[in-house]
Structures are given as structure tokens and as C-alpha cells.
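This briefing concerns a single structural model and is arranged by topic. Please consult the sequence and the structure shown below while reading.

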Amino acid sequence: MSLGVRAQLALADLRGRSFTPALDPPVQQTPPKRGPWTPGLRRTQPGLSKSCRGAFRSPRPSPKSGQADGASDNSVHLDIEKLKEKRDVLDKEISQLISEGYSVDELEDHISQLHEYNDIKDVGQMLLGKLAMIQGVTTKELYPEFGLDVND
């Protein structure tokens with residue numbers, strides 16, 4: 001029972017009346033009428049309107065009509081084998097990193113520090129951009145002023 005129905009039941013009970021929730025479906029309202037058509041104003045670009053109105057095309061290729069189910073099963077098995085091989089390669093790389101002395105905690109800490117560095121760098125770029133706007137120059141022109149390399 002929804003909260004709204006419970007509130008109405010409680011309110012009806014306080015007033016000494018009974019309340020029966022309506023079981024009829026809600027009445028459909030007519031959609032609002034559109035305003036006058038304004039030439040030249042479109043919601044989509046002219047080139048896109050034809051493709052937007054076309055039939056739906058799935059991004060997943062459909063099986064060829066001459067292709068048997070066995071062929072698609074075969075491709076699924078090949079995909080599974082490729083994924084297993086990739087998993088094995090990744091497991092070997094993980095084992096190698098662990099044998100070289102790296103730990104998962106150390107790597108997670110390193111990744112966390114990289115995220116923090118990128119956030120700080122983004123703020124610095126934003127500040128340089130605002131300063132460049134104020135001075136009427138490009139951000140690139142401000143780099144030497146602060147001892148920064150353009151490739152940083």
C-alpha cells in the first residue's frame with residue numbers, strides 16, 4: 001500500500017469516515033496542443049532528421065541467412081577460448097608483478113595518488129585558463145611565466 005493511500009486512510013479514519021481507494025484506471029488526458037509552426041526552427045539538424053525517422057537498426061550484426069546455428073556456436077566457443085587465453089596472460093602478468101615485489105595495496109595507493117594528482121592538475125589548468133582570459137592571452141603564453149613546459 002502506498003504512502004498516499006495510507007495517509008488518506010488515516011485522514012478518513014480521523015474524520016470518522018471510511019475511505020476506499022479508487023480502483024478505476026486514471027483518466028487519460030489529451031496532450032497539450034503544439035504552438036504554431038515556426039519555419040527555420042528545428043529540434044534536430046537537417047541532415048539527421050531522415051536517419052532519425054528510419055527503422056531501428058541493431059548495432060549487433062544479425063547472423064547471415066546461410067549461416068547455421070553451429071557456425072554461431074563455433075564463434076562463441078572461439079570467443080570463449082580467446083577470453084580464457086587473455087585471462088591466462090593477465091594472470092601471468094599479475095604473478096610476475098607480485099614476484100617482483102609489488103603488492104596490491106601499493107598499486108592501489110599509487111593509483112589513488114595519480115587520481116589526486118590529476119584533480120590538482122585540472123584545478124591548475126582551470127586557474128591558468130581564467131588568468132589567461134583576464135589578461136587577454138592564451139594559456140600557452142602563460143606557461144613560461146610560471147616555469148611550466150607546454151608538454152606537461
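Predicted model: local features only at pLDDT ≥ 70, side-chain atom pairs only at ≥ 80, totals over all residues.

Residues are numbered from 1 along each chain as its sequence is written, and side-chain values use heavy atoms, with hydrogens and water left out.

**Overall fold and surface**

- The protein chain contains five helices and zero strands; helices (H or I, at least four residues) and strands (E, at least two) are DSSP runs, numbered from the N terminus.
- Read from the N terminus, the order of elements is α-α-α-α-α.
- Of the chain's 152 residues, 4% count as buried, where buried means under 20% relative accessible area, exposed means over 50%, and partly exposed lies in between (1.4 Å probe, protein chains only).
- The protein chain exposes about 14800 Å², and carbon and sulfur atoms supply 57% of that area; accessible areas come from the Shrake-Rupley method with a 1.4 Å probe, and for residues only the protein chains shown count as cover.

**Helix α4 and its end**

- Helix α4 spans residues 104-135.
- With 32 residues, α4 reaches 46 Å from its first C-alpha to its last, close to the 46 Å expected at 1.5 Å a residue; the expected span is 1.5 Å times one less than the number of residues.
- Glycine 136 follows α4 and has a positive phi, near 70 degrees.

**Surface patches**

- Asp105, Glu106, Glu108 and Asp109 gather in a surface patch of negative charge.
- Patches are made of residues with over 30% relative accessible area and no salt bridge, with like charges joined within 9 Å and nonpolar side chains (Val, Leu, Ile, Met, Phe, Trp, Tyr) within 5 Å.
- Lys and Arg count as positive and Asp and Glu as negative, whereas His and the chain ends are not counted; the place of a charge is taken as NZ of Lys, CZ of Arg, CG of Asp or CD of Glu.
- Aspartate 109 belongs to helix α4 and counts as partly exposed because its relative accessibility is 42%.
- A nonpolar surface patch is formed by Leu97, Tyr102 and Leu107, with about 250 Å² of accessible area together.
- Leucine 97 lies in helix α3 (residues 69-99) and is partly exposed, with a relative accessible area of 37%.

**Salt bridge**

- A search of the whole structure finds one salt bridge, defined as a side-chain nitrogen of Lys or Arg within 4 Å of a carboxyl oxygen of Asp or Glu.
- This contact joins the side chains of arginine 87 and aspartate 88 at 3.9 Å, N to O.
- Arginine 87 is partly exposed at 48% relative accessible area, and aspartate 88 is partly exposed at 38%.

**Pairs of positions**

- Isoleucine 94, in helix α3, is partly exposed at 46% relative accessible area.
- The C-alpha atoms of isoleucine 94 and valine 104 are separated by 9.6 Å, and these residues are ten apart along the chain.
- Glutamine 125, in helix α4, is partly exposed at 32% relative accessible area.
- Glutamine 125 and threonine 139 are 14 residues apart in sequence and 8.5 Å apart in space, C-alpha to C-alpha.
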